[in-house]
Structure formats: structure tokens, C-alpha cells
Amino acid sequence: EPGSALASLEKWLELVRVQYASLIKEYASNNELDKKVVARLEKKSKIRVLKAADREFIKPTTIPVVVVCTKMDVFHEQATNKRKALFNALRYHAHVNGASIIAVSRKDKTQGNFLRGILNHYAFDKPFKSTTILESQKAICVPVGADSFEAIGLPGGYDSIESFTSASESKRAEAWRQTVEEFFEAVVPAGDEEEGSAPKEDVKLNPEPVVDAMVKQKEEELAKYRKEAERKRRLAAKD
């Protein structure tokens, strides 16, 4: 449901931060925290947005995040102004959280290649090969640091970048929520229903085969990569 996309993104971005903080606290309490690894992750998160526009407003997640908008072939049936409002709101949140964002369709192999390029970059530290696409009438593909408030545009209630950036973080986010709600009825994200209410349709009932297959492939490649890296580490330790 398009109406739940923005709320879902806000929810998951917050969960990423909470989960990371929880893991750091857990490892620290068990004296298993490798401070060098933590420092390296935090340094990389800052480097990702070092040359980004509006970087003083960006709070990058320590763990790289890729926002994947699926079913673009269906979403393109929406009116242009509706697509633009939602995409710009999603781009805003990806931008200020130091995340990449890409939209994919099972019918477009080019979009799948863009997604594969981003996943390869984060999983195997390969160079980005994705093209930056900012136009909402197309399938957006925006690597971290490639967007800006000026390119995204303004939500309702603001007439200049200056007035927008002078507002608080919460007011900026609320303005984008209200803008999206002008076009899409708000929908509670799956898992957020109140007790006793009818459960929403499970997202697993509407899988995206292309994305699911690609994620599975990358998980297998990453497992092999880690296994080989561990083998090399042990051999080096013996020497």
C-alpha cells in the first residue's frame, strides 16, 4: 500500500538505529566489543556523506541502508503528482539518514542491475556502478550522498529552502507526512496494528520475486566470501 510506505520507512530507519545501539551495548557488557571495528564503521558512515549536499542536516546510520521501493510497474499507474509527492518524501528520509534509495520492477532488468550494483558495493566493497536517477516519472536510483533538498523539492507549507532548513527536524518530517497524506490515505504499517484489530495482509503474501531472488543470491555470495576470508585469516595466523 503506497499509503504505508513513508510510515514504514520511518519505522525501519529508527529500528536500524535502535538495534545497532542495542548490539553495541550487549557486546560492551560482555567485554566482546572490538572498538576498532566500531570506530571503522562510524568513520565509514561519515565518509559516505562527506561530499553530500546538506551534510549538516544528515545523520547517517552507522550500518549502510538501502531503501528498495518495489512494484514500480504497478505504482506507475498512479498520477504523476501522487508519485512525485511520495517519492520525494521517501527521498528526503533516505537523504537525511545517509541511505541509498532505489525503485525496482520485475519487468525492468536495468533497475535490477542498478540494485545489484548497490548491493555489491556494500557487501563486497565494489565501486558503485549505478546511475543516479532523480526524476519521479522514472524509476529513481539515488546512491547515498547524491541527493539534496534542492533536488528533492519542498513539502507543503514551505516556500524556500531557507525556511525549510530553519524548521526543526520533527517539523520537516511532519510536513512531508502531511504532503503524502494529501494524496494517499494513511495506512498503518504491517506489525503496527493495535491489539484486537484485524491484522493487515502479511507482506510475505505479496513477494517481489526479482528482489527476493537477488537478496538470496547476495546472501549466498556473502556467506562464501566470509568463509573464504576466514580461511585466509587462519592460514595467515599459522604463518
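Guide: Here is a short tour, with each term set against its definition.

Guide: This is a predicted model, in which local features need pLDDT of at least 70 and side-chain atom pairs count only at pLDDT 80 or more, while totals for chains, interfaces and linings use all residues. Residues are numbered from 1 along each chain as its sequence is written, and side-chain values use heavy atoms, with hydrogens and water left out.

Visitor: How many helices and strands does the protein have?

Guide: There are nine helices and three strands, and from the N terminus their order is α-α-β-α-α-β-α-β-α-α-α-α. Both are DSSP runs numbered from the N terminus: helices are H or I with at least four residues, strands are E with at least two.

Visitor: Why is His76 called partly exposed?

Guide: Buried means under 20% relative accessible area, exposed over 50%, and partly exposed in between, with a 1.4 Å probe and protein chains only. His76 has 29%, so it is partly exposed. His76 sits in the loop between H3 and H4, and its C-alpha atom is 9.0 Å from that of Ala139, 63 residues away along the chain.

Visitor: Which residues of H1 are buried, and what do they pack against?

Guide: Gly3, Ser4, Leu6, Ser8, Leu9, Leu13 and Tyr20 are buried. The buried residues of H1 pack against helix H2 (35-48), strand E1 (66-69), helix H4 (80-96) and helix H8 (169-181). Packing here rests on contact, meaning heavy atoms within 4.5 Å.

Visitor: What makes a set of residues a nonpolar core?

Guide: The residues must be buried Ala, Val, Leu, Ile, Met, Phe, Trp, Tyr or Cys, joined through side-chain atoms within 4.5 Å. The largest such core has 27 residues, and Val67, Cys69, Phe87, Leu90, Tyr92, Ile101 and Ala103 are those with the most contacts inside it. H4 gives the largest share, seven residues. Leaving aside residues up to four places away in sequence, Ala103 touches Cys69, Met72, Phe87, Gln111, Ala139 and Ile140. Apart from this core lies another of seven residues, including Ile102, Val104, Leu115 and Ile118.
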